[in-house]
Amino acid sequence: MLEGIKKAFASLADRIKTITLSESEIKKYVEEFRLQLIANDVAVEVADKLAMEVTKRLQKLKVPRFSEHEEVVTRVLEGSLSSVISEVDPDVSFVNFVRSNYSMGKPTVVLFVGPNGGGKTTSVVKMSNYLKSKGLSSIIACSDTYRAGAVEQLKGLAERVGVRVVSHKYGGDPAAVALDAIEAAKAANISTVLIDTAGRTEVDKNLLEEMRKIKRVSNSDVVIYVGDALAGNVVVEQVKKFNEYVGIDYIILAKLDADTKGGSAISVSYMTGKPILFVGTGQGLDDLKPLNKKSIISTVLGYAS
Ligand SMILES: Nc1nc2c(ncn2[C@@H]2O[C@H](COP(=O)(O)OP(=O)(O)OP(=O)(O)O)[C@@H](O)[C@H]2O)c(=O)[nH]1
Ligand SMILES: [Mg+2]
């Protein structure tokens, strides 16, 4: 996880730890660092920002030889990385929102959207499992009425959490499935309705229109974009497009465990203004973790959190 970014930071740290730095050396090593970040899927704008932050901090230092100042170097890198990562605490922003709606007798409706195979269905069930761990009930709407096997896949996963799935026949109206699930939630006093939808690309106008309809009809409270960390920079463009079409509140970045580069996790929030609520870190139902600033910094800079 994040190996590419980790390497970029490690080689910069090596360079600036072992020599006395002149202005031109700073420029040279920071440029190498910037290019390494871009090669690891960090968006150019974010790589530029990181390079600028590192340069600014290095220039401020009044330490002639950095060899004895490993800690100073670490602080420079920490501060720079910190300037591009924003985090949300799902326990605070999401769970509290669900609880407050629940206390007013209203189920929270959460719509999951994203490209084909990004990790929506898995993330929906992981989310149900997460809510369960917080003492909150949920019901899942299988609003993917397109892909063969979608209902069976979702039911199979949901069984492991013991959560109910509402589904219709293939080819049915996905918005109607969502409405049925909302009614069922109201009737059974269930706190959250999680709507799983079919994967769609940002160029498929009909499917994007349908996604809008599901949102309008279900009157969803939260829209979560689920994307694949392995898609790198493409994720940024997808989030922007989905946001234009349907409005996104949060991002779940799935498959971070399989992403050896790590650029999308570093830059997607900065580039889109949308926070990462969770990252997917495996195929298990517990493999849904908040993107913690502290843990990302310690992973990238290679020390235990
Ligand atoms: N390693 C890993 N695999 C994941 C993660 N999340 C999902 N997957 C796998 O990615 C594949 C696709 O996941 P789905 O949840 O079916 O994706 P989807 O977005 O619902 O796909 P469509 O409904 O076809 O658009 C499955 O094999 C999942 O097991 C993750 O965090 N880590
Ligand atoms: Mg799916």
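Cys142 sits across from Asp196 of strand S4 in this predicted model. Strand S2 (residues 138-143) and strand S4 (residues 192-197) run parallel and are joined by six bridges; strands here are DSSP E runs of at least two residues, numbered from the N terminus, and two of them pair if DSSP finds at least two bridges between them. Both belong to an open, eight-stranded sheet with mixed pairing, ordered S3-S2-S4-S1-S5-S6-S7-S8.

Oxygen atoms of ligand 1 come to 2.5 Å from a side-chain N or O atom of Thr122, 2.6 Å from one of Gln283 and 2.8 Å from one of Thr121, where a polar contact is a pair of N or O atoms within 3.5 Å. On its own, ligand 1 exposes 660 Å², and the protein buries 82% of that (Shrake-Rupley areas, 1.4 Å probe).

Residues are numbered from 1 along each chain as its sequence is written, with chains lettered from A and ligands numbered from 1 in the order written. Local features need pLDDT of at least 70 and side-chain atom pairs pLDDT 80 or more, while totals for chains, interfaces and linings use all residues; side-chain values use heavy atoms, leaving out hydrogens and water.

Note on methods. Polar contact = N/O pair within 3.5 Å; in protein donor to acceptor, adjacent residues only side chain to side chain. Helix = DSSP H or I, 4+ residues; strand = E, 2+ residues; numbered from the N terminus.
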